[in-house]
Amino acid sequence: MNKVYPFALEKLPYSYDALVPVLGEDTLHFHHDKHMNAYVGNLNKALESCPDFQKLSLKELLTKIDELPQSVQNAVRNNGGGVYNHELYFSTIASPNTETKLSETLQEAIQRDFGGMEEMIAQLKQAAVGRFGSGWAYVVTDPDGKLSICSTANQDVPNLCKVLPLMTVDVWEHAYYLDYQNRRPDYVNEFITLINWDIVSKKYEDRKSCF
Ligand code: MN
């Protein structure tokens, strides 16, 4: 992703049909080309009038919202969060035919902090399915490598000063309605099979550079 204003929509790191049968081609076109694109455009629009803040990275913008002019705070929270969340979402999944693997370090951390992968996934699913309305569920790590599950509403992001999100589940209806209609639990169950553990492991191991 472009590191500062003007932010640009990045191409997906796979083809639009790569996630079939979990997520269809139409879902990816709408989700990436329309929904995510709108967040990018609206974030840039909000920053047009704030030259002093155009040099900030997305993370800096999201952690310094209170310092922005009040008139753009909501727009940056919603659209900047939308860009951050979708970038994370699309970049940490892969085709269900791609085999990816947990690193030993991450595997040990999952064992230590959840008692095992099954429990971590169970808690992630619960956070995703239990989120009322639109929002996100995440696996996050703190700088010391302690893992936890959290969830946000709308396009809010976790506290990026304290944790680094490693992956996320989008539970806005636009993420799954064409494929699963109202069956959010079915979507979440299938989505888990897309997680790119190679990338998630690398993010975990590189976490120190993100704080
Ligand atoms: Mn979305």
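Reader: Is the crossing of H1 and H3 left-handed or right-handed?
Author: This is a predicted model, in which local features need pLDDT of at least 70 and side-chain atom pairs count only at pLDDT 80 or more, while totals for chains, interfaces and linings use all residues. Residues are numbered from 1 along each chain as its sequence is written, and side-chain values use heavy atoms, with hydrogens and water left out. Helices (H or I, at least four residues) and strands (E, at least two) are DSSP runs numbered from the N terminus, and a crossing is left-handed if the near helix is turned anticlockwise from the far one by less than a right angle, right-handed if clockwise. By that convention, the crossing of H1 and H3 is left-handed.

Reader: At what angle do helix H1 and helix H3 pack?
Author: Axes are lines fitted to C-alpha atoms, for helices over the stretch in contact, and angles run from 0 to 180 degrees between N-to-C directions. The axes of H1 (residues 25-48) and H3 (residues 70-91) are 8 Å apart, and the two helices pack at an angle of about 145 degrees.

Reader: How many nonpolar residues does the contact of H1 with H3 have?
Author: Contact means heavy atoms within 4.5 Å, and the residues that meet include His31, Met36 and Leu43 in H1 and Val72, Val83 and His86 in H3. Ala, Val, Leu, Ile, Met, Phe, Trp, Tyr, Cys and Pro count as nonpolar, Asp, Glu, Lys and Arg as charged, and the others, Gly among them, as polar. On this scheme the contact of H1 with H3 has 1 charged residue and 8 polar ones, and its nonpolar residues number 13.

Reader: Which residues coordinate the manganese ion?
Author: Donors are N, O and S atoms within 2.8 Å of the metal (3.2 Å for Na, K and Ca), and sites may look incomplete, since water is not among the atoms. In sequence the donor residues are spaced H-x54-H-x83-D-x3-H. At 2.0 to 2.1 Å, the coordinating residues are His31 (NE2), His86 (NE2), Asp170 (OD) and His174 (NE2).

Reader: Why does Asp170 count as buried?
Author: Buried means under 20% relative accessible area, exposed over 50%, and partly exposed in between (1.4 Å probe, protein chains only). His174 counts as buried at 19%. Asp170 counts as buried because its relative accessible area is 0%.

Reader: What is the order of the strands in the open sheet?
Author: Two strands pair if DSSP finds at least two bridges between them. E1 (residues 135-141) is joined to E2 (residues 147-153) by 7 bridges, and E1 pairs with E3 over 6 bridges. The pairing in this sheet of 3 strands is antiparallel, and the order is E2-E1-E3.

Reader: Which residue in the turn between E1 and E2 has a positive phi?
Author: Within the paired strands, Val139 has Ile149 in E2 as its bridge partner. E1 and E2 form a hairpin with 5 residues between them, and the turn residue with a positive phi, of about 100 degrees, is Gly145.

Reader: In which helix does Gln126 lie, and is it buried or exposed?
Author: The C-alpha atoms of Gln126 and Ile149, 23 residues apart along the chain, are separated by 9.7 Å. Gln126 lies in helix H5 (residues 117-130). With a relative accessible area of 61%, Gln126 of H5 is exposed.
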